[in-house]
Every structure is written in structure tokens, then in C-alpha cells.
Amino acid sequence: YGEDHNFVIIRGENINPDKIKISVINNGEGIPQESLSRIFDRFYRVETSRNRNTGGSRLRLFVVKAIINLHAAEICTQSEPNKTNEFSIEMRKKIYY
């Protein structure tokens, strides 16, 4: 989600012997602090205009969080407006059923 000149970094790291963290970082508009707690809500949109160029179902992050939860993992977000967004997933290395 962004323009052609934006960058995306994908980083993986070991948190401890049983847990890993995968982060996706990009630059761009950023997410206002007042919206961070709601971006995973169904149909929530940070940008409130009805511009067709930024259209969509507004379900993407809701679905992402649902999939992450099914894997007993957690997702969190950090954002600096007009600088970077970071989405991080922490999960166990092995899942036993």
C-alpha cells in the first residue's frame, strides 16, 4: 500500500528459542495514533474520503488479524506519520495440536 518510490523491508528475528518475530516495514503516509487501535476492525478506514483510487473492501487487515489469531500468534503495529509503518507478528516456532 503506497507509491512506487516507497520501500518495504521484511525482517525476521528470534525472540527466544521458542518464538520468532516477523516485521514488515514501509515508508509512506503513516497511520495517525488515534487510528492505530482500530485498523484491524472490520470495515474501518483511516482515510475517510470516498476517493475511488484508495477504494477496497476495508477487510484486508481484519482478515490478516483473523489468520494470525488462528495460528496462536499476535500482530501489532507501530507508525510514525509521514515516515514509517511497521507491522510485526510474533509466533511460536512450533505449533502443537
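Buried means under 20% relative accessible area, exposed means over 50%, and partly exposed is anything in between (1.4 Å probe, protein chains only). Keep that handy for the close-ups below. This is a predicted model, where local features need pLDDT of at least 70 and side-chain atom pairs count only at pLDDT 80 or more, while totals for chains, interfaces and linings use all residues. Residues are numbered from 1 along each chain as its sequence is written, and side-chain values use heavy atoms, with hydrogens and water left out.

**View 1. Strand β4 pairs with β2 and with β3.** Strands here are DSSP runs of E with at least two residues, helices are runs of H or I with at least four, and both are numbered from the N terminus. Two strands pair if DSSP finds at least two bridges between them. Strand β2 (residues 19-27) runs antiparallel to strand β4 (residues 84-92), with nine bridges joining them. One spot to look for is Ile22, whose bridge partner in β4 is Ile89. Strand β3 (residues 74-80) is also antiparallel to β4, this time over seven bridges. Here you can find Gln78 standing opposite Glu86 of β4. As a general rule, side chains in a regular strand alternate between the two faces of the sheet.

**View 2. A hairpin joins β3 and β4.** Three residues sit between the two strands, and Asn82 takes a positive phi near 65°. Zoom in on Glu80 and Lys83 too: they form a salt bridge (a side-chain nitrogen of Lys or Arg within 4 Å of a carboxyl oxygen of Asp or Glu), with their closest N and O atoms 4.0 Å apart. Glu80 is partly exposed at 42% relative accessible area, whereas Lys83 counts as exposed at 52%.

**View 3. Arg11 and Glu86 meet in a salt bridge.** The closest N and O atoms of this pair are 3.4 Å apart. Arg11 is partly exposed, with a relative accessible area of 38%, but Glu86 counts as buried at 16%. How many salt bridges turn up in a search of the whole structure? The search finds five.

**View 4. Lys19 and Glu90 form another salt bridge.** Their closest N and O atoms are 3.6 Å apart. Lys19 is in strand β2 and Glu90 in strand β4, so this pair ties together parts that are 71 residues apart in sequence. Both ends count as partly exposed: Lys19 has 28% relative accessibility and Glu90 has 25%.

**View 5. Four residues make a nonpolar surface patch.** Val8, Ile10, Ile22 and Val24 make up this patch of about 350 Å². The elements giving two or more residues to the patch are β1 (8-16) and β2. To join such a patch, nonpolar side chains (Val, Leu, Ile, Met, Phe, Trp, Tyr) must be within 5 Å, while like charges are joined within 9 Å; members need over 30% relative accessible area and no salt bridge. The areas come from the Shrake-Rupley method with a 1.4 Å probe, and for residues only the protein chains shown count as cover.

**View 6. Arg45 sits in a loop.** The loop lies between β2 and α1 (60-70). Arg45 is buried, with a relative accessible area of 18%. Leu59 is 14 residues away from Arg45 in sequence, and their C-alpha atoms are 9.3 Å apart in space.
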